[in-house]
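Please look over the sequence and the structure shown here before reading on.

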Amino acid sequence: MTKRQNRMVLVALLIAGAILAVTLLLQALGNNSNYFYSPTSVKQGKAPTDRSFRLGGLVVVGSFKREDLKSTFDVTDNNNKFTIEYTGILPDLFREGQGIITTGSLVNGRFIATEVLAKHDENYMPPEVADALKQAQE
Amino acid sequence: MWKWIQAFASPRNFYQTSGKIIPWLMAPFIALSLIGLYWSFVVSPADYQQGESVRIMYVHVPAAWMSLFIYIVMAIASGIGLIWQIKLAHIVAKVSAPVGAAFTLLALVTGSVWGKPMWGTWWAWDARLTSELILLFLYLAYISLHNAFDNPKTADKASSVLAIVGLVNIPIIYYSVEWWNSLHQGSSISTTKISMQIDMFIALMLISFAFKFLYGALVLMRARDEVLVREQNSRWVREIIVGVGK
C-alpha cells in the first residue's frame, strides 16, 4: 500500500469507529433519549413511578375545563388516556386536539402537571387554507 | 481536471482567482436576501396556528441547514487534507469553523425565541435541540483545538481528526425527530412532500440560497487571509504586501 492509501484506510477506520461508538451509546441510552412517554407506554408501566416524567399526546376535544389558573383536560394517544391537572399559564398553541407534552407525576391515576408544553407539527399553512381543509373534512 | 484542481489549489493561484470570484458570490447573496426578506415579510402569509411568529422560520431553518452543511464541508475538507495533503483543504476547513459556529448559534437562538411563545419554553432537552447544541460544542472544540498548536501542520492534523469523528453527529441531528419522541416537530420538507404553503417554501428557499452564497464568500475571504499568513515567507506574498505598501 502507498502512504496515501494508508491514510485513506485510517480515515475510514476513524469514521467506522465513531459510528460504532455512537451506535452503542444510543443503544445503551434506549428509551431514555425519548423526550416523553405516550399514555399507552405509561399504562404498560414503562414510565418511572418514583419521580416525575413527561407525558405526551393529544388533548381530547371537549375535555378542557378551567377555573382561574387551574385547568384539567384529558391527553390521549387514541388508545389510552390520562386526566391532567395543571395550575399555571398555558402556551399559545395549547388547544383541544393539539399535541402537548406535560411534565409531572401520577397521583392516584391522575397526572399532576408542573409544566405544559404545546407541540407543533410540521404543517405550515395560512388560516384560509386551514379553514378550507376543516370544511372539507366536515 | 486533476491538474486544474492542483493548479487552483496552489496558494498563489488560489489567492488571485478567489479575489475575482468573491464579488460573484456577494452579488447573488445581496439580491437573494433582499428578495427573500420581501417574500418572508410581505408575500408569505401568517400561519393558521403560529400567526406572525412563523416568520422566525425563514431565518431559523436556513441557519440550521447551514450549520449541518458547513460541518459536512468542513469534515470532507479535513478528509481531503489528511489523505491528499492539500494545504488549501485544511485552510477551507479551518476558516469554515467560525462561520459554521455562528450559523449554529443563530439557529439555536432563533429557535429559542420561537419556542418560548409556541411551545411555552425557551429550551428543552429533547433529541433535536440537544444534538444541535452538541454541534455548536463540536465547532467550538475544533476552533480551540486548532488554536492550541503553534505549528499549523500539527494543528491541521489534530483538528481534522476531530472534525471527521464529529461527522457522526450530523445524521443524528437530521433524524433525531424521527428516531425519538421529541418536542421539536418533524421535517416539513422532504424529497417526497412539502407540508407548507408555496410562498412560505419560496421564502425559505430564497434565504437558504442567500446563506449558501454568503458562506461561499466568507470562506473565500477568510481563506485568502489565512493563505497570506501561512505563506508570509514566500516571495509572491512579499511582492503583494510591498506592492500594496507603495
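## A partly exposed alanine in chain B

A158(B) has a relative accessibility of 25% and therefore counts as partly exposed, because that class lies between the buried limit of under 20% and the exposed limit of over 50%. The model in which this residue is described is a predicted one. A158(B) belongs to helix α6 of chain B.

When residues up to four places away in sequence are not counted, A158(B) touches L145(B) and F149(B). H146(B) stands twelve residues from A158(B) along the chain, and the C-alpha atoms of the two are separated by 7.5 Å.

## Overall build of chain B

Chain B contains nine helices and zero strands. Its pattern, read along the sequence, is accordingly written α-α-α-α-α-α-α-α-α. Along the principal axes, the C-alpha atoms of chain B fill a box of roughly 65 × 35 × 35 Å.

Chain B has 246 residues, and buried residues make up 51% of them. Of the contacts in chain B with a separation of 6 or more, 75% are between residues 24 or more positions apart.

Is S208(B) buried or exposed? With a relative accessibility of 5%, S208(B) counts as buried, because the limit for that class is under 20%. S208(B) is part of helix α8 of chain B, which covers residues 198-230. Apart from its neighbours within four places in sequence, S208(B) is in contact with P62(B) and W65(B).

## The interface between the chains

The size of an interface is often given as the accessible area lost when the parts come together. For chain B and chain A this buried area is about 3,400 Å², and 62% of it falls on carbon and sulfur atoms. The count of salt bridges between chain B and chain A is zero, whereas 14 residue pairs are in polar contact across the interface, with both residues at pLDDT 80 or more.

Four helices of chain B, α3 (57-84), α4 (87-118), α6 (152-166) and α7 (169-179), each supply at least two residues of the side that touches chain A. The largest share, four residues, comes from α3(B). By residue class, the side of chain B that touches chain A divides into 25 nonpolar, 14 polar and three charged residues. In terms of contacts, 42 residues of chain B meet 35 residues of chain A.

## Domains and loops of chain A

Chain A is assigned domain 1 (1-33) and domain 2 (35-118). The C-alpha centres of domain 1 of chain A and domain 2 of chain A lie 40 Å apart.

Which loop of chain A holds D68(A)? D68(A) is placed between β2 (65-67) and β3 (70-76) of chain A. The phi of D68(A) is near 50 degrees, a positive value in a residue other than glycine. Most residues other than glycine have a negative phi. D68(A) has a relative accessible area of 75% and is therefore exposed, because exposed means over 50%.

N78(A) is likewise not a glycine, and its phi is positive at about 75 degrees. The loop that holds N78(A) runs between β3 and β4 (81-87) of chain A. At 64% relative accessibility, N78(A) counts as exposed.

Note on methods. Residues are numbered from 1 along each chain as its sequence is written. Chains are lettered from A and ligands numbered from 1 in the order in which they are written. This is a predicted model: local features need pLDDT of at least 70, side-chain atom pairs count only at pLDDT 80 or more; totals for chains, interfaces and linings use all residues. Side-chain values use heavy atoms; hydrogens and water are left out. Contact means heavy atoms within 4.5 Å. Buried area is the accessible area (1.4 Å probe) that two parts lose on being put together, summed over both. A salt bridge is a side-chain nitrogen of Lys or Arg within 4 Å of a carboxyl oxygen of Asp or Glu. A polar contact is a pair of N or O atoms within 3.5 Å; within protein, one must be able to donate a hydrogen and the other to accept it, and residues adjacent in sequence count only if both atoms are side-chain atoms. Ala, Val, Leu, Ile, Met, Phe, Trp, Tyr, Cys and Pro count as nonpolar, Asp, Glu, Lys and Arg as charged, and the others, Gly among them, as polar. Domain bounds come from an automatic or database domain assignment. Buried means under 20% relative accessible area, exposed over 50%, partly exposed in between (1.4 Å probe, protein chains only).
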